[in-house]
Amino acid sequence: MNKVILKLALMPPLLIVACLLAGGYGMIHDQVTYTISSEYFTKFKFDQFQIPAHLRNRLGAGMVGWAGTSWMGALMGFVLMILGLKIRGRRAYVITTLKSY
């Protein structure tokens, strides 16, 4: 089987990892931001992301962080995976892609 096709089969799980990492980063980042200025969320972000009233706290800030960054993980992960197709070997491809995330 073609080596590129084998690497393409690895893309869906790598894309999921990219989304999880980006979303996790966004959640942590927004927890720090919420600590510095909860007003930023109460007056702007909760409305922007349509967070329900009962979740307008740290949990809601985490939801905002996830929604605001997980999609970027998909976008950047896809770009990095395509560029990584030049790397020889599936194992090196996976390791290098994960390191690049």
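**A kinked helix and a helix crossing**

Begin by selecting Thr-69, the residue on which a kink of about 25° in helix H3 is centred; bear in mind throughout that the model is predicted. Now extend the selection to residues 58–84, the whole of H3, whose 27 residues reach 37 Å from the first C-alpha to the last, close to the 39 Å expected at 1.5 Å a residue.

Then colour the buried positions of H3, which are Gly-60, Ala-61, Gly-62, Val-64, Gly-65, Ser-70, Gly-73, Gly-77, Met-81 and Gly-84. To see what these buried residues pack against, display helix H1 (3–36), helix H2 (38–48) and helix H4 (90–100).

Keep H1 and H2 on screen, and ask how the two helices are arranged at their crossing. Their axes come within 5 Å and cross at roughly 115°, and H1 and H2 are therefore roughly perpendicular to each other. The contact is made on the H1 side by Asp-30, Thr-33, Tyr-34 and Ile-36, and on the H2 side by Ser-38, Tyr-40, Phe-41 and Phe-46.

Finally, centre the view on Thr-33, which is found in helix H1. Is Thr-33 buried or exposed? Thr-33 counts as buried because its relative accessibility is 18%, and the cut-off for buried is under 20%. If its neighbours within four places in sequence are left aside, Thr-33 is in contact with Tyr-40 and Phe-41, two of the H2 residues that take part in the contact with H1.

Methods
Residues numbered from 1 in each chain as written. Predicted model: local features only at pLDDT ≥ 70, side-chain atom pairs only at ≥ 80, totals over all residues. Heavy atoms only, no water. Helix = DSSP H or I, 4+ residues; strand = E, 2+ residues; numbered from the N terminus. Expected span 1.5 Å × (residues − 1). Bend = angle between axes of the 7 residues up to and from the residue. Buried < 20%, exposed > 50% of the residue type's maximum accessible area, 1.4 Å probe, protein only. Contact = heavy atoms within 4.5 Å. Axes fitted to C-alpha atoms, helices over the stretch in contact; angles between N-to-C directions. Parallel < 35°, antiparallel > 145°, perpendicular 65-115°, else oblique.
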